[in-house]
Amino acid sequence: MRILDGGGLDPEIADHMVENVIGIYSLPVGLALNFRVNDRDFLVPMVVEEPSVIAAASNAARLVRTGGGFRAEADDPVMTAQIEVLGVGDHDAAKARLEAATEELLALAQAALPRLVDRGGGARALEVRTLPGRVILHVHVDCRDAMGANLVNIVAEALAERAAHLSGGRRGLRILTNLCDRRCVRVTARVPAEALATSEMDGPAVRDGIAAASRFAEDDPYRAATHNKGIMNGVDAVVIATGNDWRSVEAGAHAFAAIDGRYRPLATWRADPDGGADAELVGQLEMPMAIGTVGGTLHAHEGARLAQRLMGVTDAKTLAMIVGSAGLASNLAALRALATDGILRGHMPLHYRSHAIARDAETGG
Ligand code: MEV
């Protein structure tokens with residue numbers, strides 16, 4: 001634990017990570033408790049500045065535990081390279097030529113990633129899309145336990161000239177897409193209605209309030225944005241704790257939320273339709289999750305490596321399932337508070353506590 005004394009990051013290493021370094025900026029790291037995912041218990045490290053996020057996630061995980069814990073599954077860790085080809089005369093003919101060259105292009109991609117191929121990953125499939133003025137080749141790459149941005153960018157650069165030549169155009173952009181919708185995590189939580197009760201409301205009333213809050217988010221993008229912010233409270237905190245790129249996870253989450261043209265909640269809640277008056281509350285989350293357990297910042301950041309050790313997780317798919325569970329837990333905690341006492345009762349005492357600490361620090365009190 002001494003690793004965390006200096007924020008988990010050696011200043012010398014920080015100086016080599018980014019440019020013009022003048023210091024290290026710290027945030028609290030805490031442990032969310034009570035998480036049970038696919039019948040396995042986890043301590044979940046969270047890095048976050050907002051009071052009550054860790055307590056709320058822990059409380060919600062305890063509720064879900066009474067229903068058997070989170071059930072989660074993650075897609076294979078497939079990221080996608082985008083190669084844009086411009087100035088193509090006949091889009092349909094270009095698409096046909098690229099598709100006919102699938103084997104050759106996949107072999108080129110494999111040759112660019114020998115170490116990933118050795119680890120069992122590599123290019124899996126091609127897809128050709130056309131938009132006004134451009135043809136776009138997607139290359140889907142299984143990145144194994146890496147987040148994979150660099151791997152996919154290598155593929156994009158390695159295939160671009162050939163793709164442009166085959167299409168009869170000139171190459172444009174070559175970069176991953178952060179809308180990695182082939183790398184989603186899906187999490188389900190079930191909570192017995194009676195476990196949701198508060199001193200003022202019985203369990204079924206709280207359950208129905210949470211389901212009504214979900215419908216509000218499903219019907220209204222203004223509410224969906226806040227609903228999803230509550231999910232990202234849990235998601236980002238674990239993504240940051242484990243040394244992953246939270247901007248990429250955020251970009252993927254919100255693009256996915258709007259993928260059918262309307263911004264939607266990433267998680268929804270219902271009373272189990274087969275459960276009668278005492279039906280369980282059932283929550284379901286689906287979102288892209290581009291995170292890894294090797295590579296990137298992890299080489300440099302001892303605190304991030306410690307977080308992974310505390311969790312006991314070494315593979316990207318399990319990490320994705322825990323992050324998704326933390327998101328669903330945070331969402332449940334927020335909706336339960338909103339459907340009962342309101343957010344201030346739980347939130348403000350902790351908020352005042354951090355203000356009081358800040359005042360004491362200023363006054364030396
Ligand atoms: C605050 O950080 C998050 C909430 O606004 C989420 C929500 O409204 O669902 C409480």
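A crossing is right-handed if the near helix is turned clockwise from the far one by less than a right angle. Keep that in mind on this tour of a predicted model.

**Stop 1: H8 and H11.** Select residues 221-241, helix H8, and residues 316-339, helix H11. Their axes come within 7 Å and cross at roughly 135 degrees. H8 is therefore oblique to H11. The crossing of this pair is right-handed.

Now show side chains. On H8, pick Arg223, His227, Gly230, Ile231, Asn233, Gly234, Val235, Val238 and Val239. They meet Val323, Ala326, Gly327, Ser330, Asn331, Leu335 and Leu338 of H11. Colour this contact by residue class: eight are nonpolar, seven polar and one charged.

**Stop 2: the ligand.** Select the residues around the ligand, among them Thr226, His227, Gly230, Asn233, Ala334, Leu338 and Ile343. Glu50, Arg223 and Lys229 also belong to this set. Check three distances. The side chain of Glu50 has an N or O atom 2.6 Å from a ligand oxygen. For Arg223, the corresponding distance is 2.7 Å. Lys229 places a polar side-chain atom 2.7 Å from an oxygen of the ligand.

**Stop 3: H4 and H6.** Move to helix H4, residues 102-112, and helix H6, residues 149-167. Their axes lie 9 Å apart, at an angle of about 150 degrees. H4 is therefore roughly antiparallel to H6. This crossing is right-handed.

Select Glu104, Leu105, Leu108, Ala109 and Ala112 in H4.

Technical notes. Residues are numbered from 1 along each chain as its sequence is written. This is a predicted model: local features need pLDDT of at least 70, side-chain atom pairs count only at pLDDT 80 or more; totals for chains, interfaces and linings use all residues. Side-chain values use heavy atoms; hydrogens and water are left out. Axes are lines fitted to C-alpha atoms, for helices over the stretch in contact, and angles run from 0 to 180 degrees between N-to-C directions. Helices (H or I, at least four residues) and strands (E, at least two) are DSSP runs, numbered from the N terminus. Angles under 35 degrees count as roughly parallel, over 145 as roughly antiparallel, 65 to 115 as roughly perpendicular and the rest as oblique. Contact means heavy atoms within 4.5 Å. A residue is near a molecule or strand if one of its heavy atoms lies within 4 Å of it. A polar contact is a pair of N or O atoms within 3.5 Å; within protein, one must be able to donate a hydrogen and the other to accept it, and residues adjacent in sequence count only if both atoms are side-chain atoms. Ala, Val, Leu, Ile, Met, Phe, Trp, Tyr, Cys and Pro count as nonpolar, Asp, Glu, Lys and Arg as charged, and the others, Gly among them, as polar.
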